[in-house]
Structure formats: structure tokens, C-alpha cells
Amino acid sequence: MSEAPLLSVRALHKSFGALNVLKGVDLTVRSGEVAFLIGPSGGGKSTLIRCINFLETPSSGEITFDGRPLCHEDGRVFHVAPERVLRAARSEMPMVFQHFNLFTHRTVLENVIEGPLMVKRRRRDEAIADAERLLREVGLHDKLDFYPDQLSGGQKQRVAIARALAMQPKLILFDEPTSALDPELVAGILDTIRALADSGMTLVVVSHEMAFARKLADVVHFIAEGAIMESGPPDRIFDNPQNPRLSGFIRSILH
Amino acid sequence: MYEFFFVLIPRHFPFLLEGALVTLELSFLSMAFGLVLGLATALGRLSGKRWLDWPLMTYVEIWRDVPLIVQLMVIYFTLPTIGITLSGFWAGVLGLSLNLGAYLSEVFRAAIMSIDPGQRAAGMSIGMSKPMIYRRIIFPQAFRIAIPTIGGYFIALLKDSSLVSFISVNELLRNGNIIISNTFRNMEVYMMVAIIYFILSFAASRLIRHLEHSLTPKYLRRQGRKAKALAPEIAVLP
């Protein structure tokens with residue numbers, strides 16, 4: 001346990017006006033770990049990973065990523081790192097969204113090389129070579145010049161995963177990556193995520209796919225009412241929940 | 001008829017074309033300034049800063065709610081009383097630009113807001129800066145949406161520029177009026193003026209359509225909107 005965690009979140013709060021969505025979240029993710037965030041809708045799962053990536057600015061608390069503080073409390077003053085630092089951190093922990101959020105005016109290939117070209121300032125031919133390799137890995141090498149509108153949901157999500165991978169990230173955030181997919185397309189995306197986990201990539205996944213979480217997760221965090229109620233290895237979380245909210249949640253998803 | 005084609009046209013057409021050239025100068029200059037002003041106003045209003053929003057909204061409302069001819073009169077005849085004297089031409093450009101900017105700001109605002117905020121989030125999540133996201137992701141899509149409407153305003157501008165004849169700018173309509181006051185051939189001359197306006201506007205409309213076409217991704221071309229709505233979700237094995 002001597003190694004410093006890749007991502008650490010301490011006492012994170014986020015409120016939208018009078019609505020307190022996160023009420024003091026503590027979370028640690030180690031390099032190579034696969035962490036699943038589960039819990040009821042409105043519990044704060046998505047808000048948490050959007051705060052980690054600074055798509056939402058937290059209200060208070062501390063986030064440290066790869067040794068760099070992104071926000072912290074100094075006495076009673078809440079400090080957020082400069083935009084430049086946040087952008088650099090984001091580029092190393094891209095997010096895959098529920099609704100894919102591909103750039104609709106760009107082809108599959110252009111979607112994937114956008115980040116390497118604009119953010120990492122890589123040479124175009126290298127970026128293209130990398131993108132083609134990544135798209136081959138996710139099985140889309142024959143769709144390079146297609147536009148997002150011409151793809152199925154599952155294909156779109158695999159482009160989104162390739163777009164995240166093209167950033168050569170240290171961590172990938174997944175926000176319900178299969179919730180907007182037709183049932184027959186879910187398995188393909190789950191296979192892609194499993195391959196990422198097997199390759200040693202650090203993943204933080206918000207998901208309702210409990211069977212999948214159970215098989216793939218190193219740690220499962222149960223979030224409800226804006227706080228992490230229980231954390232642990234999947235077997236303990238699913239078979240022997242301690243927290244009454246968690247046991248209720250598990251009963252409700254198993255009927 | 002003979003006289004119209006072989007006497008009046010050769011005699012007066014060059015003078016009308018001089019006016020038409022001024023009409024085009026007025027229109028293109030005003031369009032350029034109007035686009036910049038409209039875009040800046042739209043971005044200011046979308047920035048979410050209240051101190052910026054209300055003065056811009058006031059500008060848009062005032063310039064949309066007062067007739068253009070009154071605006072031109074005010075600029076040309078009242079600004080000199082506070083020490084700003086503009087030639088008729090530049091007073092015309094100023095009035096037309098401010099007027100157009102007010103309308104275009106709403107066109108740009110609507111087009112930018114129509115882009116799914118998820119794409120902005122996706123850009124941010126891979127570390128793109130806000131200006132980068134606007135330049136690479138939002139503007140190209142918003143511009144394509146706005147083009148037909150901007151084109152409509154450009155054609156309206158070409159014709160509205162005739163109002164500038166009231167502040168003694170020698171553009172197309174005023175040159176026509178000058179010929180008429182010397183020859184009393186108002187039917188024939190107004191006919192020529194009308195035909196020139198039509199040709200200019202029609203050419204502008206074709207140009208805009210061409211621009212719209214060239215900005216449309218290849219797979220959507222020729223089929224238009226309908227095809228996009230009907231485009232099947234191509235389901236291939238995951």
C-alpha cells in the first residue's frame with residue numbers, strides 16, 4: 001500500500017443551488033484498478049465522475065490526480081487549479097458518455113484524431129496511424145470515413161472509446177456506457193471494456209450492469225444520497241452487504 | 001420597345017451600373033461588419049455574464065424595433081449635432097451593419113444553442129480548451145445551420161440598401177431617380193432598376209445555395225434533409 005493512488009477524492013461536495021448532490025465523497029482509485037460505481041438514480045454517481053473530470057466544478061473538497069491537486073481546501077478557502085492544469089488532467093482521464101457525444105460533423109477517423117492533433121499536438125500522420133490501429137482493435141477499421149449518423153449505437157460507443165484511448169490516458173471514466181444501447185449491442189461494448197481492463201487500464205465505471213460489475217470490478221462503491229455508503233470487493237458487496245440501503249438496492253435489482 | 005432597347009438602355013445603363021456597384025459595396029461591407037457584430041453579440045449573450053447580457057439585449061431590441069429608415073436618418077442627420085459627421089456612404093454602412101448585426105446575433109445564438117451540449121462536454125473531457133471547442137466543434141456545425149438564414153438576410157440587405165438613397169448616397173435606386181428627374185421616363189428606368197436588383201439578388205441566392213452545398217458533408221448531399229431523417233440505423237454485429 002506504499003504506492004500513492006492515481007486518483008484520490010476527499011470530502012467532495014457539489015451543490016446545484018440549494019440542491020446538495022454530493023455530500024462529502026471519499027474515493028481512492030489505484031493504478032490498474034477497475035472501480036465500479038453503483039447505486040440508485042439521483043444518488044450522485046454521474047455527478048461524481050463529472051466532478052472528477054471537472055465537467056462540473058465541485059463546491060468544496062479535494063481531488064488529486066496523478067500527484068497533482070486539481071482542487072483543495074486551504075484553511076477555509078476552496079482553490080481550483082488553473083484551467084491549464086485541469087485541461088492537462090482531463091486529457092489523461094477522458095470520459096466515455098452514455099449518449100456517445102461524437103462530433104457529428106466529423107468522420108469516425110476525424111473524431112479519434114481530434115484530441116491527439118489539437119490537445120497533444122501530435123503529427124497528423126502519426127495520429128492517423130494510431131487512430132487506425134485503435135479503430136481496428138475495436139473492430140471499426142472499415143468505417144474510418146463514415147459519419148456518426150451512419151453508425152449504430154454500439155459502433156458509436158466504440159468510436160467514443162477509441163477517441164478516449166487515443167489520448168493515451170492514465171484512466172478512463174465511463175458514464176453508463178451501455179444505458180443508451182439496444183440490448184443486443186450491450187455485450188459488444190462490455191467485451192471492449194473487459195479487454196481494456198485486461199490490458200491493465202485504470203477504469204472508473206458508472207454502470208447498472210450488475211453481473212458485469214461483479215465479474216470485472218476490483219472494487220465496487222455503492223453511492224446513494226450523495227455519499228459512498230459502502231465499498232468493497234464485488235463478492236462482499238453483492239453477497240454480504242452490510243449497509244441496509246445497499247441490501248435494499250441489491251434486493252430491488254434482483255427482484 | 002425599339003427605343004427602350006436601343007436608345008434608353010445604352011444611354012442610361014452605365015450610370016445605373018455605377019449605382020449598382022455602390023449597392024454591392026454597401027451590401028458586402030455591411031454584411032462583413034454585421035457578421036462580426038452578430039457573432040460577437042451572440043457570444044456575449046451566451047457567455048452567461050449578466051452585466052454583458054443586458055446591454056447587448058438592449059442593443060438587439062432597439063435596433064430590431066425601430067424602422068431602418070429612421071435609424072439611417074438618425075445616424076446621418078443627428079450624429080453631426082454631437083460632432084460625429086459621417087459621409088452618406090459610411091452612415092449607410094454603419095446603419096445597415098448595426099441593423100443586420102442585431103438580427104444575425106439571434107440567428108447565431110439559436111444556431112449555437114442547437115448544438116448538443118454533449119459535444120462540448122466531449123471536447124472538454126479530452127482536454128480541449130473552450131476557444132478550441134468553439135472553433136473546431138461548435139462553429140462548423142452552427143455555421144452550416146445558420147447559412148440559409150444568413151443568406152436570406154443578405155438578400156434582404158441588398159434590397160434594403162436602397163433606403164440609403166434617402167441619405168443621398170448614389171447607389172442604384174438614387175441613380176435611377178436622377179435619370180428620371182432628367183428624362184421623365186420613370187416606367188422604363190424603374191424597370192431597369194428592378195431588373196438589376198433582381199439579377200443581384202438572384203445571383204446572391206445561387207451563391208448561398210452553392211455555399212450551403214459545399215458545407216454539407218458528402219454523404220448528405222443531393223438527398224437533403226429528408227434523406228437524413230430517413231437514414232437507417234445500420235446495425236452491424238457489435
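What follows is a short walk through this predicted model, from the interface between its chains to a strand inside chain A. Chains are lettered from A and ligands numbered from 1 in the order in which they are written, and residues are numbered from 1 along each chain as its sequence is written. Because the model is predicted, local features need pLDDT of at least 70 and side-chain atom pairs count only at pLDDT 80 or more, while totals for chains, interfaces and linings use all residues.

Let's start where the chains meet. Here 24 residues of chain B are in contact with 31 residues of chain A, contact being C-beta atoms, placed from the backbone, that lie within 7 Å. On the chain B side, the elements giving two or more residues are α5 (117-125) and α6 (130-160); helices are DSSP runs of H or I with at least four residues, strands are E runs of at least two, and both are numbered from the N terminus. The most comes from α5(B), with six residues.

The largest nonpolar core holds 117 residues, and Val112(A) and Ala162(A) touch the most other members. Such a core is a set of buried Ala, Val, Leu, Ile, Met, Phe, Trp, Tyr and Cys residues joined through C-beta atoms within 7 Å; buried means that 20 or more other C-beta atoms lie within 10 Å of a residue's own, with C-beta atoms placed from the backbone. Helix α4 (residues 88-113) of chain B gives the most to this core, with 12 residues. Setting aside neighbours within four places in sequence, Val112(A) has contacts that include Leu134(A), Val159(A) and Ala162(A).

Strand β10 (residues 219-224) of chain A has five of its six residues buried, so it is largely enclosed by the rest of the structure. Which way does strand β3 (residues 34-38) of chain A pair with β10(A), parallel or antiparallel? The two pair in the parallel sense over four bridges, where pairing requires that DSSP finds at least two bridges. Across from Phe222(A) in β10(A) stands Ile38(A). With strand β11 (residues 227-232) of chain A, β10(A) instead runs antiparallel, joined by five bridges, and His221(A) stands opposite Ser231(A) in β11(A). These two strands, β10(A) and β11(A), form a hairpin with two residues between them, and Glu225(A) in the turn has a positive phi of about 50°.

Technical notes: Two residues are in contact if their C-beta atoms, placed from the backbone, lie within 7 Å. A residue is buried if 20 or more other C-beta atoms lie within 10 Å of its own, exposed if 12 or fewer, and partly exposed in between; C-beta atoms are placed from the backbone.
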